[in-house]
Amino acid sequence: MSDGELESLIARARELGEVAGGRIAAAADLPALENERVAWLGKKGEMAGLMRRLGSLTPDQRPQAGQVINEVKEAISGRIDRRRAEFEKAERSRRLVGEKLDITLPGRPHPRGRLHPLTQAVRDIVGILRDIGFDEVRGPDLEDEFHNFEALNIPADHPARDMQDTFYLAGGGLLRTHTSPVQIRAMKGRKPPLAVVAPGRVYRCDADQTHSPMFTQVEGFMVAEDIRMSDLKGVLELLLQRFFGKDRPYRMRPSFFPFTEPSAEFDILWEKDDGSTSWLEVLGSGMIHPAVLEAVGYDPQKYTGFAFGLGVERFAMLRSGVDNIHAFYENDQRFLRQF
Ligand code: FA5
């Protein structure tokens with residue numbers, strides 16, 4: 001090949017280098033720059049075209065032309081890198097300006113959750129009893145007739161067994177109507193002396209301002225030698241005073257339960273929103289019936305005990321001046337936030 005051809009190839013390489021320099025400088029953004037890179041340095045680009053032409057030169061001409069083409073390629077590649085760095089720098093500063101943080105702005109508050117008023121009341125009641133030595137246990141919500149009624153000396157014709165009060169399950173069994181079956185379960189597993197507190201949900205077909213079809217009870221009982229009615233009264237007075245405060249009026253009056261003898265109920269003075277007052281029954285209690293002690297294998301000649309079952313919703317209503325029991329189940333945030 002003639003020297004003229006070698007010179008023309010070299011001249012073409014330099015010329016393309018100039019053109020590429022202009023195009024790279026004119027690229028408007030990163031995608032346009034990438035197009036230029038492909039056009040000049042890509043596999044099918046201009047520089048690759050020149051390299052292919054090296055094949056038509058003589059072996060001693062090739063290094064000379066090859067060196068020039070490589071220099072041009074390196075120059076183009078260097079220009080592209082510098083231009084890309086410029087774009088990236090500009091992009092970074094744009095972002096920094098846009099993302100400026102105003103650290104003087106007030107923070108976003110994270111609302112703090114809190115315990116439901118009924119959970120608070122259960123914890124307070126159980127806490128007071130644990131402080132004086134009661135053990136906490138739990139029993140099942142799904143019960144059988146034996147634990148919910150029979151072992152508690154509730155005969156088959158007792159009104160509590162009525163379909164109107166008790167939710168019976170299709171396949172047998174029932175939703176416990178009170179926490180008293182836990183007395184049976186706990187006593188069967190232990191020997192006196194014992195003092196147990198058992199909170200839990202209970203279910204009855206029953207609803208008005210002070211009754212709910214599902215509500216919460218706390219059961220408490222103590223069995224040992226020589227437990228008396230005065231022990232029952234002392235424990236309940238302490239519980240009421242710690243929960244409601246020392247000056248809250250209450251009264252203890254005779255009552256009846258098949259599983260206690262004698263029995264008593266406690267009322268708390270209810271000061272309603274309209275200014276009127278009345279007594280609201282908050283718990284049932286009594287000396288555990290000898291038939292119940294026998295049902296769990298305790299000797300009623302040797303041991304005596306007391307038991308009580310209280311309504312947690314009523315405790316919570318009376319402590320916080322809530323007049324309707326259903327407020328606890330509606331999950332109205334305006335109501336719940338007050339606790
Ligand atoms: C009982 O459930 C007995 N098991 C209590 C007991 C235990 C007596 C141990 C003796 C020895 P009673 O049905 O009265 O008793 O319910 C006890 C308390 O639960 C009531 O004083 C009342 O505070 C609450 N209570 C009863 N029914 C409802 C209801 N539907 N909604 C809300 N609270 C209720």
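Author: Two strands pair if DSSP finds at least two bridges between them. Helices (H or I, at least four residues) and strands (E, at least two) are DSSP runs, numbered from the N terminus. The model is predicted, with local features needing pLDDT of at least 70 and side-chain atom pairs pLDDT 80 or more, while totals for chains, interfaces and linings use all residues. Residues are numbered from 1 along each chain as its sequence is written, and side-chain values use heavy atoms, without hydrogens and water.

Reader: Which strands stand at the edges of the open sheet?

Author: The sheet has seven strands with mixed pairing, in the order β1-β4-β5-β9-β8-β7-β6. Each edge strand has a single partner, so one of its sides has no neighbour in the sheet. The two are β1 (135-136) and β6 (250-257).

Reader: In β9, which residue stands opposite Gln-217?

Author: Strand β5 (residues 214-224) pairs with β9 (residues 304-311) through eight bridges, in the antiparallel sense. Opposite Gln-217 in this pairing stands Gly-311.

Reader: How many residues of β4 are buried?

Author: Buried means under 20% relative accessible area, found with a 1.4 Å probe on protein chains only. The rest of the structure largely encloses β4, because the buried residues number nine of the 10.

Reader: How many bridges join β4 to β5?

Author: On one side, β4 runs parallel to β1, joined by two bridges, and Asp-135 faces Val-196 of β4. With β5, Tyr-203 stands opposite Met-214. The β4 and β5 strands run antiparallel, and the bridges between them number 10.

Reader: At about what angle does helix α5 run to β4?

Author: Angles run from 0 to 180 degrees between the N-to-C directions of axes, lines fitted to C-alpha atoms, for helices over the stretch in contact. Helix α7 (residues 181-188), which lies across β4, β5, β8 (277-288) and β9, makes about 40 degrees with β5. Helix α5 (residues 117-131) lies across β1, β4 (194-203), β5 and β9, and its angle to β4 is about 165 degrees.

Reader: Against which elements do the buried residues of α10 pack?

Author: Helix α10 (residues 312-320) is largely enclosed by the rest of the structure, because seven of its nine residues are buried. These are Val-312, Glu-313, Arg-314, Phe-315, Ala-316, Met-317 and Leu-318. Counting contact as heavy atoms within 4.5 Å, they pack against α5, β5, α8, β7 (260-271), β8 and β9.

Methods:
Buried means under 20% relative accessible area, exposed over 50%, partly exposed in between (1.4 Å probe, protein chains only).
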